[in-house]
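Reader: Can we go through this one together? I'd like the definitions as we go.
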Amino acid sequence: MTEKKHIVEVIADPLGVTYFNLFAEFSKNHPEIKLTFVCLNPIPTDMIEDMKKRGCDCYWVKFDSTNRIKGWVFAYFQLKKLFKKLKPDVVHSHLFDDGVPTMIAAKHAGIKKRIHTKQSTTFNWIHASKAVFLDRFINRMATDLIAVSHSSWDII
């Protein structure tokens, strides 16, 4: 029997992440995968209950993007504590705001497989050049990167 892989998906501001619903539904037919979701948001969202209905654990970590640095620091400590408790095999972040604290916390919690999907890479390069160093930092902290477009791949 194959050992069950535990994957933790982290997203900032998850007010309607339809592909997370698809992930949760997919996991129902794949008992070798345990999916857990983490929402980084100023307030708890409907996603928490929605994922529970789909058979997945879902946690809320308070994150306020109006003060990003403070939000990242707070989220880092909460995520690190959660990752040490859950002991997942894989941690996967998706956006810039969740990538910064998630990748650092996962590395410091000893998670060997850290995946980041580069969904907002081109934004920083075009509109927020001061944040490019953080994009590069996320890349270094991740063990694997997923580009969502050719322009994103070219920048990576």
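Author: Start with burial: buried means under 20% relative accessible area, exposed means over 50%, and partly exposed lies in between, with a 1.4 Å probe and protein chains only. By that rule E25 is partly exposed, at a relative accessible area of 32%. This is a predicted model, where local features need pLDDT of at least 70, side-chain atom pairs count only at pLDDT 80 or more, and totals for chains, interfaces and linings use all residues. Residues are numbered from 1 along each chain as its sequence is written, and side-chain values use heavy atoms, with hydrogens and water left out.

Reader: What does E25 form a salt bridge with?
Author: With K28, where the closest N and O atoms are 3.4 Å apart. A salt bridge here is a side-chain nitrogen of Lys or Arg within 4 Å of a carboxyl oxygen of Asp or Glu. Both residues lie in helix α1 (residues 18-28), three residues apart, about one turn of the helix. K28 is partly exposed, at 46% relative accessibility.

Reader: Which residues are linked in a network with that pair?
Author: D50 and R54 are linked with E25 and K28 in a network of salt bridges.

Reader: How many salt bridges in the whole structure?
Author: Seven. One of them joins K34 to D57, with the closest N and O atoms 3.0 Å apart. K34 lies in strand β2 and D57 in strand β3 (residues 57-62), so this pair ties together parts that are 23 residues apart in sequence. K34 is partly exposed at 30%, and D57 is partly exposed at 33%.

Reader: And D144, what does that pair with?
Author: K113, with the closest N and O atoms 2.9 Å apart. The pair links distant parts of the chain, since D144 is in strand β6 (residues 144-147) and K113 in strand β5 (residues 113-118), 31 residues apart.

Reader: Back up a step. What pattern does the chain follow?
Author: Along the sequence it reads β-α-β-α-β-α-β-α-β-α-α-β-α, with seven helices and six strands. Helices (H or I, at least four residues) and strands (E, at least two) are DSSP runs, numbered from the N terminus.

Reader: How much of it is buried?
Author: Buried residues make up 46% of the 156 residues in the protein chain.

Reader: Which residues touch the most others in the largest nonpolar core?
Author: Of its 27 residues, V8, V10, V38, L40, L79, F83 and V91 touch the most other members. The largest share, seven residues, comes from α3. A nonpolar core is a set of buried Ala, Val, Leu, Ile, Met, Phe, Trp, Tyr and Cys residues joined through side-chain atoms within 4.5 Å. There is also a second, separate core of 15 residues, which includes I11, F37, I48 and I115.

Reader: New topic: S93. Buried or exposed?
Author: Buried, with a relative accessible area of 0%. S93 lies in strand β4 (residues 90-93).

Reader: What does its side chain make a polar contact with?
Author: The side chain of H116, at 2.6 Å. A polar contact is a pair of N or O atoms within 3.5 Å; within protein, one must be able to donate a hydrogen and the other to accept it, and residues adjacent in sequence count only if both atoms are side-chain atoms.

Reader: Which other residues is S93 in contact with?
Author: Contact means heavy atoms within 4.5 Å. Leaving aside neighbours within four places in sequence, the contacts of S93 include V10, D98, T102 and I115.
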